[in-house]
Amino acid sequence: MKIEKERIDWLDSLRGLAAFLVVVGHVAILFKIYWIESIIYFFHMPLFFMISGITYQLFIKCNTVNDLKKLFWNKILNLCIPAFIFISFSILIFKDKKDIFYYYNCAWFLIHLALIMTIVIILHYLKLKQKDIDRYVFISAILLWFFIGVIQIILVKKEYIVYSKFACEISKFFGYFICFYLGKNISSLLYKKDWKKKIDIKLLAISFLFLILLILFTIAKINTNDSLPKIMIGIPVSILIIILFYRYKKKCNKLERLCSKFSMEIYLIHNTIIHGMILLLIDFEKASKINIILLIIFDISIPILIGLMERKVKLFKMIFRPTNFYIDIKNKSSL
């Protein structure tokens, strides 16, 4: 298994922006600034999954079944162990919450990504065995996404709250699998010689599609907070942002690089630990703009600081980089 270590400036900048937007979106929810939350939540998670697909396609090279096995355990453990730790931590902090989805929400992205990576690795394995079924799986995912998404909208209208939440998670999974798959294919297109000649037409087409979707949902009076319409809008917007960053973002500053490198730490720590503590200290009804800015700074700086300490503090490395922690222990024991 070969995992390239080369940094790509536009991709680091994009991932850093996505991590920052996750923080801003969650802070907006806390302070009830719903217009900011609505804008960010239309595209930031589809964007994250597309970035994951791009990263997989560009950097991970598996030529044997053994490579795929190593990749599977590496990715699954690095995603599932932090998810389990933070869900457990969330249960300890918020004991009074009886809704299981409340605890699951602190790490749902990692769980979905682990499941998607499992499917992608299986498809990669089948391709090595000369059984390429990617196209059929992609089409099936689209059909299931639409079907379950429509069911979820119906369940919400009939006020079947628990069933609608389950349907939402299943629909989200297929929707984000599509985003990951599109990310893989976008990465291949971006580096073709004739891509830049067609890029302006694609930008116009994507922008037009985005406007049409918004108009259709408004006419149909569909709640765009449901998973299906939200991801439908998020996909063209995310593709638009990716193309713009690829074409125009030539340099990556240090903050963007740090936000990109420690995006998992930012995602897990800010929403569970920092916001968990802040909820006990701040009256959000009386909070000022200074509180909002300070919280965003804390949400970014504390996880980055913890990420920088991972080399020296074994506990942090064990939580956020479990396979690297295991490899270090194995190498020391073999000396």
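## Close-up views of a predicted model

**View 1. Surroundings of Leu228.** Leu228 touches Trp145, Phe146, Gly149, Val150 and Ser171, when residues up to four places away in sequence are not counted. The model shown here and in the following views is a predicted one. Leu228 belongs to helix α10, which covers residues 227–248, and its relative accessible area of 5% places Leu228 among the buried residues, because buried means under 20%. Cys168 lies 60 residues away from Leu228 in sequence, while the C-alpha atoms of Leu228 and Cys168 are 8.3 Å apart in space.

**View 2. The salt bridges of Asp12.** Side chains of opposite charge can pair when their charged atoms come close. A search of the whole structure finds six salt bridges, and Asp12 takes part in one with Arg257, where the closest N and O atoms are 2.7 Å apart. Asp12 lies in helix α1 and Arg257 in helix α11 (residues 254–261), so this pair ties together parts of the chain that are 245 residues apart in sequence. Asp12 is buried, with a relative accessible area of 2%, whereas Arg257, at 27% relative accessibility, counts as partly exposed. Asp12 also forms a salt bridge with Arg15, and here the closest N and O atoms are 3.4 Å apart. Asp12 and Arg15 both lie in helix α1, which runs over residues 9–30, and they are three residues apart, about one turn of the helix; both of these residues are buried.

View 3. Glu169 forms a salt bridge with Lys172, the closest N and O atoms lying 3.2 Å apart. Both residues lie in helix α8 (residues 161–190), where they are three residues apart, about one turn of the helix. Glu169 counts as buried at 13% relative accessibility, and Lys172 is likewise buried, with a relative accessible area of 12%. Returning to the residues of the previous view, salt bridges that share partners join Asp9, Asp12, Arg15 and Arg257 into one network.

**View 4. Phe109 in the nonpolar core.** The largest nonpolar core has 97 residues, and of these Trp10, Phe49, Phe109 and Ile242 touch the most other members. With residues up to four places away in sequence left out, Phe109 touches Met45, Phe48, Phe49, Ser52 and Tyr267. Phe109 also belongs to a cluster, linked by ring pairs, that contains Phe48, Phe49, Trp108, Phe109, Tyr176 and Tyr267.

**View 5. Two aromatic pairs.** A pair of aromatic rings is described by the distance of the centres and the angle of the planes. The structure holds 15 aromatic pairs. In one of them, the rings of Phe72 and Trp73 have their centres 5.1 Å apart and their planes at 75 degrees, so the pair is edge-to-face. Phe72 counts as partly exposed at 25% relative accessibility, while Trp73 is exposed, with a relative accessible area of 53%. For the rings of Phe86 and Phe320, the centres are 5.8 Å apart and the planes stand at 45 degrees, so this pair is tilted. Phe86 lies in helix α4 (residues 65–93) and Phe320 in helix α14 (residues 314–320), so the pair ties together parts that are 234 residues apart in sequence. Phe86 is buried, with a relative accessible area of 5%, and Phe320 also counts as buried, at 3% relative accessibility.

View 6. Ile290, Ile293, Leu294, Ile297, Phe298 and Ile302 make a nonpolar surface patch of about 550 Å². Leu294, one of these residues, is found in helix α13, which covers residues 289–308. With a relative accessible area of 39%, Leu294 is partly exposed.

**View 7. Glu159 in a loop.** Glu159 lies in the loop between helix α7 (134–157) and helix α8. The phi angle of Glu159 is near 65 degrees, which is a positive value in a residue other than glycine. Glu159 counts as exposed, because its relative accessibility of 63% is over the 50% cut-off.

Technical notes:
Residues are numbered from 1 along each chain as its sequence is written. This is a predicted model: local features need pLDDT of at least 70, side-chain atom pairs count only at pLDDT 80 or more; totals for chains, interfaces and linings use all residues. Side-chain values use heavy atoms; hydrogens and water are left out. A nonpolar core is a set of buried Ala, Val, Leu, Ile, Met, Phe, Trp, Tyr and Cys residues joined through side-chain atoms within 4.5 Å. Buried means under 20% relative accessible area, exposed over 50%, partly exposed in between (1.4 Å probe, protein chains only). Contact means heavy atoms within 4.5 Å. A salt bridge is a side-chain nitrogen of Lys or Arg within 4 Å of a carboxyl oxygen of Asp or Glu. Helices (H or I, at least four residues) and strands (E, at least two) are DSSP runs, numbered from the N terminus. Patches are made of residues with over 30% relative accessible area and no salt bridge: like charges are joined within 9 Å, nonpolar side chains (Val, Leu, Ile, Met, Phe, Trp, Tyr) within 5 Å. Accessible areas come from the Shrake-Rupley method with a 1.4 Å probe; for residues, only the protein chains shown count as cover. Rings of Phe, Tyr and Trp (its six-membered ring) pair if their centres lie within 6.5 Å; planes under 30 degrees apart count as stacked, over 60 as edge-to-face and the rest as tilted.
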